[in-house]
Amino acid sequence: KFIPLVMMLTLVSTGCVLKNANASQDGVKSAAASVVKKQENVYKGSVVGKSNMAKTISIQVGKGDKAETIMVNFDDNTKGAEHASKDHAAIIFYELRDGQPWATVVKPKLAKLPQGASEIKTAALMEMMASNADFTLVDARPATRYAAAHISGAVNIGTKAYKEKAGSLPKDKSKLLVLYCGGPT
């Protein structure tokens, strides 16, 4: 019998508090919606093709049965369009113009370093080479690119030939390995 009365008194006495709580929740919801909206304006995937004449980039997003190819326009104001290379992973930030996606920025999607690995800067590598430090330098690019040019002293162990050439890596697991590739590969 008292429950309806207690509920009514609670609503009357906390009505303003609830209204303020709802207002702050609405603010949080609109902030979250803007974050989601910003996230929606990004495509991540593999570049299927690029036409400089038509000024379009085709990118495959999603995996498996949910994968789809999306055509994104670009123009002279698009930053990093050169990173849209066929069969390379890319991140395309875009805006909608007349309902069509237009790339604003294109970035290569780089692989994350495995646990225990760290990045070395070019200057540090040059210092190591100049001081004859004890390390193995591995060129992880395809053999054709290695044959065209490579850093002196590097051994070529491309990803496709890894199984055959892995034996050329040092047996001592504590020896430093430095790997390099051609960029977003």
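## Ground rules

Two strands count as paired if DSSP finds at least two bridges between them. Helices (H or I, at least four residues) and strands (E, at least two) are DSSP runs, numbered from the N terminus. What you're looking at is a predicted model: local features need pLDDT of at least 70, side-chain atom pairs count only at pLDDT 80 or more, and totals for chains, interfaces and linings use all residues. Residues are numbered from 1 along each chain as its sequence is written, and side-chain values use heavy atoms, with hydrogens and water left out.

## The parallel sheet

Let's start with an open sheet of three strands, paired in parallel and ordered β7-β6-β8. At its edges sit β7 (155-156) and β8 (176-180), each pairing on one side only. Strand β6 (residues 135-139) is joined to β8 by five bridges, and Thr136 stands opposite Leu177 in β8. Helix α2 (residues 122-130) packs on this sheet and touches β6 and β8, where a contact means heavy atoms within 4.5 Å. The direction of α2 makes about 125° with that of β6; axes here are lines fitted to C-alpha atoms, for helices over the stretch in contact, and angles run from 0 to 180 degrees between N-to-C directions.

## The antiparallel strands

As a general point, strands of a sheet pair through backbone hydrogen bonds, either parallel or antiparallel. Strand β1 (residues 42-51) and strand β4 (residues 89-97) run antiparallel, with five bridges joining them; Lys44 has Ile91 in β4 as its bridge partner. On to strand β5 (residues 100-108), which pairs with β4 in the antiparallel sense over eight bridges. Here Glu95 is partnered by Trp102 in β5. β4 and β5 make a hairpin with two residues between them, and Asp98 in the turn has a positive phi of about 55°.

There's another hairpin, built from β2 and β3, with six residues between the strands; in it, Gly62 takes a positive phi near 85°. Six bridges hold strand β2 (residues 56-61) and strand β3 (residues 68-73) together, antiparallel again, with Ser58 opposite Met71.

## A pair of tyrosines

How many aromatic pairs does a search of the whole structure find? The count is one. Rings of Phe, Tyr and Trp (its six-membered ring) pair if their centres lie within 6.5 Å; planes under 30 degrees apart count as stacked, over 60 as edge-to-face and the rest as tilted. The rings of Tyr43 and Tyr94 have centres 4.4 Å apart and planes at 10°, so they're stacked. Tyr43 belongs to β1 and Tyr94 to β4, so the pair ties together parts that are 51 residues apart in sequence.

Are these tyrosines buried or exposed? Buried means under 20% relative accessible area, exposed over 50%, and partly exposed in between (1.4 Å probe, protein chains only). Tyr43 is buried at 16%, and Tyr94 is buried at 10%.

## Salt bridges

A salt bridge is a side-chain nitrogen of Lys or Arg within 4 Å of a carboxyl oxygen of Asp or Glu, and the count comes to six. One of them joins Asp76 and Lys55 (3.0 Å, N to O). This pair links distant parts of the chain, 21 residues apart: Asp76 is in the loop between β3 and β4, and Lys55 in the loop between β1 and β2. Asp76 is exposed at 71% relative accessibility, while Lys55 is partly exposed at 29%.

Arg97 and Glu95 also meet in a salt bridge (2.9 Å, N to O). Salt bridges that share partners join Asp75, Glu95 and Arg97 into one network.
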